[in-house]
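Hi,

Here is the structure I promised to pass on. Have a look at it first, and then read my notes below.

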Amino acid sequence: MIKRISILLLAMVPVALWAQFAPAQDQPGTTAMHADSSAFVAWAAGCTVERGPMRIDKPENGLASYGADSLALGKPGGTYDVVSLGDGGTATLTFESPIYNGEGPDFAVFENGFANAVNPDTWALELGFVEVSSDGVNFFRFPAVTYVQTETQLGNAGSIVPAQLHNFASKYGAFYGTPFDLDEVEDNELLDKNRVTHVRIVDVVGNIDPEYATTDSEGHIVNDPWPTAFASSGFDLDAVGVIHDIAHNDVPENAEESIAVYPNPVRDRLMVKAEDLQSVEIYNLVGQQVLVSTFDIVDMSDLNQGIYFVRINTDGKTVTKRVVKQ
Ligand SMILES: [Ca+2]
Ligand SMILES: [Ca+2]
Ligand SMILES: [Ca+2]
């Protein structure tokens, strides 16, 4: 009897472990973002794809070929409006204005996944790693985690429960973006999270054979639909939506002034508009200096609520602005 109970417990534990990330787009608690969400202020403006093979173990069969790079630009178009990356292929996206690390998610990636017709709790999702860069040279990957089993290779109808995935593109089906928060990328002196210029999607190979497998940030092999030995092999990129970019930050009330700060009141990032900016100093009400920066975006999120004086030093001119921190 005791033995039977322990077997039952063992059978139940993995289910609980798997269900620890946000659920599918049709369930409460999902983080999926619909393409029409007003949170999106811009869409990718440039895309360069390096295709991978249709099958990594048979490169002689040729590369994925479905879709043009330009199908990843603009708003999501759905199932056929995609560019296919093939096994291990990449897509590198650029934007009209740099992305900054605002409150919550900063951009979202759209693929063309769909619910399994027989078991609609599972989805055919072709996964990708997501990386960001602020110089187009050095790329930094979001820590991604999968709890999809690794005993049985998912076939090309592959059934994945979205709650088993975190920080993979795509966790959700067509027209629903997977959000990414720059806070989750490890800090690095070569990455300016407030001036991200490039987003790169890297197809996870998805083959569980250790010879070809790719692993998540915790070392788990990533199992995804494989082989997908046809033109639309691998990750099918539909769009990348921007939530926080510098161009669409709250428009400064005093835009005509040569030196301005915005938004005001400010919650986290204060933008400084000034030509030939040398430094920004922030003082509290009793005149203590609480922050110094040489950048035109100052992170005030760690400061207490209240009134601050922002001294902006430019080449030849110093101006002080009163700012309310919320
Ligand atoms: Ca963020
Ligand atoms: Ca595909
Ligand atoms: Ca598209």
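Let's start with an open sheet of four strands, which run in the order 20-19-22-23 with antiparallel pairing. At its edges are strand 20 (289-293) and strand 23 (317-325), and each of these pairs on one side only. On average, neighbouring strands of this sheet are turned by 20° against each other, if you ignore direction. Before you go further, keep in mind that this is a predicted model.

Now zoom in on the middle of that sheet. Strand 19 (residues 277-283) pairs with strand 22 (residues 306-314) in the antiparallel sense, over six bridges. One place to look is Thr314, which stands opposite Lys317 in strand 23.

The C-alpha trace spans about 70 × 55 × 35 Å along its principal axes. Of the 326 residues, 40% count as buried. I also looked at contacts between residues at least 6 apart in sequence: 72% of them join residues at least 24 apart.

Next, the inside. In soluble globular proteins, nonpolar side chains tend to be buried together. The largest nonpolar core here has 72 residues, and the ones with the most contacts inside it are Ala72, Ala91 and Ile201. Where does this core lie relative to domain 1 (2-246) and domain 2 (252-325)? Both domains give residues to the core, so it lies between them.

Most residues other than glycine have a negative phi, and most peptide bonds are trans. Here are the exceptions I'd look up:

- The peptide bond from Trp226 to Pro227 is cis, with omega near -5°. Pro227 sits in the loop between strand 14 (196-203) and strand 15 (236-237).
- Asn264 and Pro265 are also joined by a cis peptide bond, with omega about 10°. Pro265 is in the loop between strand 17 (260-262) and strand 18 (269-273).
- Asn167 is not a glycine, yet its phi is positive, at about 60°. You'll find Asn167 in the loop between strand 12 (165-166) and strand 13 (176-180).
- Asp276 is another residue other than glycine with a positive phi, near 55°. Asp276 belongs to the loop between strand 18 and strand 19.

Asp276 has 9 other C-beta atoms within 10 Å, and exposed means 12 or fewer, so Asp276 is exposed.

How values were computed: Residues are numbered from 1 along each chain as its sequence is written. Chains are lettered from A and ligands numbered from 1 in the order in which they are written. This is a predicted model: local features need pLDDT of at least 70, side-chain atom pairs count only at pLDDT 80 or more; totals for chains, interfaces and linings use all residues. A nonpolar core is a set of buried Ala, Val, Leu, Ile, Met, Phe, Trp, Tyr and Cys residues joined through C-beta atoms within 7 Å. A residue is buried if 20 or more other C-beta atoms lie within 10 Å of its own, exposed if 12 or fewer, and partly exposed in between; C-beta atoms are placed from the backbone. Domain bounds come from an automatic or database domain assignment. Two strands pair if DSSP finds at least two bridges between them. Helices (H or I, at least four residues) and strands (E, at least two) are DSSP runs, numbered from the N terminus. Axes are lines fitted to C-alpha atoms, for helices over the stretch in contact, and angles run from 0 to 180 degrees between N-to-C directions. Two residues are in contact if their C-beta atoms, placed from the backbone, lie within 7 Å.
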